[in-house]
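This report covers selected residues, helix packing and the nonpolar core. The sequence and structure are shown first.

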Amino acid sequence: MAAEVALSQALSYARDLKSAYESARAREKELGQANERLRNGYQQSLQYAVDLKRTYGRLQRAIFQSLLGLANALEAKDPCTSGHSTRVAGLARQLALGMDLPRSTAEIIAQAALLHDLGKIGVPESLLRKAGPLTADEWEIMRRHPVTGAQIVAPLEFFDDGAIIVRHHHERLDGSGYPDGLTGDGIPLGARVVAVADVYDALTSGRSYRDGFTPEEALQLIQRESGRTLDAHVVALLPDAIEATSTPGADDGAADRSV
Ligand SMILES: [Fe+2]
């Protein structure tokens with residue numbers, strides 16, 4: 001009798017054990033499936049993050065292209081300024097490469113040159129096209145364009161260095177420039193490069209009130225400014241850069257109105 005009870009108990013334990021084992025297996029399987037779902041979800045969210053980053057990059061580039069279109073449209077309204085930024089960009093890129101700057105830095109400088117006068121969108125057209133000298137009040141308005149331009153490009157996260165160049169392209173070594181009156185090496189290198197290219201293109205461009213200087217005349221005028229208002233190292237590289245781009249230019253504002 002005792003043996004039958006013991007056998008029955010043993011069978012009962014065995015059934016319980018089997019049931020517990022099966023239940024554990026089932027939970028293990030569920031856990032495995034949950035783990036798999038979690039892994040898939042993680043992979044998917046990683047992919048979303050990559051896609052999102054790519055889309056954001058594309059969006060930023062699209063905004064940059066729109067701003068380029070805006071800058072070109074602004075220039076195209078005046079035959080004197082048409083193509084100015086494109087020429088300044090080509091020359092600035094060449095100067096940067098001549099300084100042995102990395103190609104990526106040269107490209108940022110060239111891109112900033114393409115947009116350097118974008119802030120003129122905030123300057124009345126009557127003032128942009130004025131043939132005679134500007135009054136003090138008009139100068140005040142004109143001199144705002146580097147800051148306006150830098151503010152317009154500020155949301156472009158990949159273009160932080162470019163925004164700095166846009167802001168400072170009218171600074172001069174002796175502190176006579178604007179908007180911040182920076183001096184010497186305090187002026188960002190890219191801005192010093194764009195300044196030389198900008199002045200050269202301005203000088204060689206025809207204006208409504210004067211013909212453009214020849215490249216030789218413009219070089220002479222710029223060499224007089226070397227080390228005083230314009231970076232001497234950049235100026236020294238200018239003849240070769242002009243030769244390499246062979247694109248004598250159009251306007252911006254000329255040395256007498258270098259804006
Ligand atoms: Fe300018």
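## Exposure of selected residues

Glu 138 is partly exposed, because 15 other C-beta atoms lie within 10 Å. On this scale a residue is buried if 20 or more other C-beta atoms lie within 10 Å of its own, exposed if 12 or fewer, and partly exposed in between, with C-beta atoms placed from the backbone. Glu 138 sits in helix α5 (residues 136–142). Helices (H or I, at least four residues) are DSSP runs, as are strands (E, at least two), and both are numbered from the N terminus. The C-alpha atom of Glu 138 is 7.1 Å from that of Leu 127, eleven residues apart along the chain.

This is a predicted model, in which local features need pLDDT of at least 70 and side-chain atom pairs count only at pLDDT 80 or more, while totals for chains, interfaces and linings use all residues. Residues are numbered from 1 along each chain as its sequence is written.

Ala 34 belongs to helix α1 (residues 2–76) and counts as exposed because it has 10 C-beta neighbours inside 10 Å. From Ala 34 to His 116 the separation is 82 residues in sequence and 55 Å in space, C-alpha to C-alpha. Ser 104 and Leu 128 lie 24 residues apart in sequence and 33 Å apart in space, C-alpha to C-alpha.

## Backbone geometry in two loops

Most residues other than glycine have a negative phi, and most peptide bonds are trans. Asp 100 has a positive phi, near 65°, and is not a glycine. Asp 100 is placed in the loop between α2 and α3, and is exposed because 7 other C-beta atoms lie within 10 Å.

The peptide bond from Tyr 178 to Pro 179 is cis, with omega near 10°. Pro 179 lies in the loop between α7 and α8.

## Helix packing around α8

Helix α8 (residues 189–203) packs with helix α9 (residues 215–225) at an angle of about 140°, the axes being 9 Å apart. Axes are lines fitted to C-alpha atoms, for helices over the stretch in contact, and angles run from 0 to 180 degrees between N-to-C directions. α8 and α9 are therefore oblique to each other; angles under 35 degrees count as roughly parallel, over 145 as roughly antiparallel, 65 to 115 as roughly perpendicular and the rest as oblique. The crossing of α8 past α9 is right-handed, that is, the near helix is turned clockwise from the far one by less than a right angle. Val 196, Val 199, Tyr 200 and Leu 203 of α8 make the contact with Ala 218, Leu 221 and Ile 222 of α9; a contact needs C-beta atoms, placed from the backbone, within 7 Å. By class, this contact has seven nonpolar, no polar and no charged residues. Ala, Val, Leu, Ile, Met, Phe, Trp, Tyr, Cys and Pro count as nonpolar, Asp, Glu, Lys and Arg as charged, and the others, Gly among them, as polar.

The axes of helix α3 (residues 103–115) and α8 come within 10 Å and cross at roughly 55°, which makes α3 oblique to α8. The α3 crossing past α8 is right-handed. Ile 108, Ile 109, Ala 112 and Ala 113 of α3 meet Gly 190, Val 193, Val 194 and Ala 197 of α8, giving seven nonpolar, one polar and no charged residues. α7 and α8 pack at about 50° with axes 8 Å apart, so α7 is oblique to α8. Their crossing is right-handed. Asp 161, Ile 165 and His 168 of α7 meet Gly 190, Ala 191 and Val 194 of α8, a contact of three nonpolar, two polar and one charged residues.

## The largest nonpolar core

The largest nonpolar core has 44 residues, of which Ala 92, Leu 95, Ile 109, Val 194 and Val 196 touch the most other members. Such a core is a set of buried Ala, Val, Leu, Ile, Met, Phe, Trp, Tyr and Cys residues joined through C-beta atoms within 7 Å. Two or more residues each come from α2 (84–98), α3, α6 (145–153), α7 (160–168), α8, α9 and α10 (232–245). α8 gives the largest share, ten residues.

Leaving out residues up to four places away in sequence, Ile 109 touches Ala 92, Arg 93, Ala 96, Ile 165, Gly 190, Val 193 and Val 194.

Terms used:
Two residues are in contact if their C-beta atoms, placed from the backbone, lie within 7 Å.
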